[in-house]
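Please report on this protein, with its aromatic pairs and its overall build.

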Amino acid sequence: MFDKILIANRGEIAVRVLRACKEMGIRTVGVFSEVDRKALHTRYAEEAYCIGPAPARESYLDIDKVIAVARKSGAQAIHPGYGFLAENPLFADRCEKEGIKLIGPSAYAMRTMGSKTLARKTVQAAGVPVVPGTVEPISTEEEVIRAAKTIGFPVMLKATAGGGGKGLRLVREEPELRSALRMAKSEAKSAFSDDSVYVEKYIENPRHVEIQILGDRHGNHVHLGERECSIQRRHQKVIEESPSVIVTPEMREAMGKVAIEAARAVAYEGAGTCEFLVDTHRDFFFLEMNTRLQVEHPVTEMVTGIDIVKEQIRVAAGEKLSIRQEDVKQTGHAIECRVYAEDPERNFIPCPGRITSLRVPGGPGVRDDSGVYAGFEIPIYYDPIISKLVAWGKDRAEAIGRMKRALAVYVVTGVKTTVPFHIRVMKNRHFIEGNFDTDFIDNVFFREEEARQLANEEVALCTAAIQEHIEERRRAVSRNPGEATGPVSMWKYAARPGIPKIGQVGR
Ligand code: MV4
């Protein structure tokens, strides 16, 4: 086993990896940028080194600087966390050359899965169902048109180097194809400096379900079941859960099996994730494979009891996986809310700044993976994540109940957070019923919230009008006490003695 690991990351994920190392009795080395001198991960690492100015390009993404710290500190392995250098095959190559173990899969596995078309080709050859479409990048307009006609509209144009929402274009009908292709290509070019695209059949109202896998160097692979990740805002996951309400035991077994086949196809070592789109008939299709530890890994840990980071470290050291497939059991239900320093009232703009006070929830089934503390200033340079709040319960209803209870007492002052947004989602009837797809947040949820707000405004307006009327009468009566009874009904008026009836000739 390693006796010293460098954690080449910051924030909550660096803290998460540091915790695993400490529990395993492994010494830790941190790296930090100039704005992270007082960050939690910097303080928590046993030794830590500054690797440059705030911009990630000059610090967390600088391969030479990270390698220099590993050599100087005598770390035998590097854990890259997620983001930054985590899926960079050049970094993997460099670590190998330096004789430092990168905790994760080979550069070959990263390269294969990094190219979305090569990934499709590779896993398809291994018998994995992929979204119908091309397995080669396409260059000319004519080829794209031909491919789209063969596949059948609607289709989706995707960047070969893509992932996330960039270089993505939905094409419903043929006339839109040419301009969509130009846009997809130019977006892909500026985002990835690679303008090649491929074509897929568009899956309507899909759900995003992913399978966590683990592999070792001895040819063992297991899957840890699924995570439901359809609750996304503009291609950013915001809430994840395990298990998924739509996945049956048979489906889980089938998806787990093909995810393992995909992993075996690249001799996958460490923790990885196969993403699938699930259509309305519950057919599933491989989308892409992420060759890293994922943000949402805690929900899997909560339902399986397996420490994914410790397994990563063990297999990186050459050990066998500590579990066999038959040891993997999902117990209960876990939900994760990503708490960000963003203002949900102002279109989720990032709100970096100093956290003036912080009270984190606890109690049964609640886990908060945080990268901050009261007094810390969230820098503007990185993802403004505060923590990942995870609630576990014996079933989904209990997990939602615990999440609501935890969110209600989560206090962060000094910066705006996404906590109020999460509370709204936990109370949404579609969410409670498990009835949602990848369109839920951007379309259904925000539209319902807006309609509710408009209805509330109408009620407020009526209440104000009634109040105004009451006050107006009160003022009129104080001017003229004779008006105390208000306007007299014509029925009463007509019945009063001595008052001539309408149409009656006076006596
Ligand atoms: C799709 C799709 C429908 N059909 N591909 C968006 C990001 C990228 N990772 C894949 N994405 C999609 N690919 C086909 N053939 C719908 C999406 C999609 C989506 C996927 C997962 C989670 C949220 C999403 C939101 C909008 C669109």
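Phenylalanine 445 counts as buried, at 1% relative accessibility. Buried means under 20% relative accessible area, exposed means over 50%, and partly exposed lies in between, with a 1.4 Å probe and protein chains only. Phenylalanine 446 is partly exposed at 27%.

The two rings, phenylalanine 445 and phenylalanine 446, form an edge-to-face aromatic pair. Rings of Phe, Tyr and Trp (its six-membered ring) pair if their centres lie within 6.5 Å; planes under 30 degrees apart count as stacked, over 60 as edge-to-face, and the rest as tilted. Both residues belong to one aromatic cluster, together with Phe348, Phe421, Phe431, Phe436 and Phe440.

## Basis of the model

This is a predicted model: local features need pLDDT of at least 70, side-chain atom pairs count only at pLDDT 80 or more, and totals for chains, interfaces and linings use all residues. Residues are numbered from 1 along each chain as its sequence is written, and side-chain values use heavy atoms, with hydrogens and water left out.

## A stacked pair

By the pairing rule, the count comes to 15 aromatic pairs. One of them joins tyrosine 60 and phenylalanine 84. The pair is stacked, at 5.1 Å centre to centre with 25° between the planes. The partners sit 24 residues apart, so the pair links distant parts of the chain.

Tyrosine 60 lies in the loop between strand E3 (47–50) and helix H3 (63–73). Phenylalanine 84 lies in the loop between strand E4 (77–79) and helix H4 (89–98). Tyrosine 60 is buried, with a relative accessible area of 1%. Phenylalanine 84 is partly exposed at 26%.

## Overall build

The protein has 16 helices and 22 strands. These are DSSP runs numbered from the N terminus: helices are H or I with at least four residues, strands are E with at least two. The C-alpha atoms fill a box of roughly 120 × 60 × 45 Å along the principal axes.

Of the 507 residues, 51% count as buried. Among contacts with a separation of 6 or more, 65% come from residues 24 or more positions apart. Contact means heavy atoms within 4.5 Å.

## Surface

The protein exposes about 23300 Å². Carbon and sulfur atoms supply 53% of that area. The areas come from the Shrake-Rupley method with a 1.4 Å probe.
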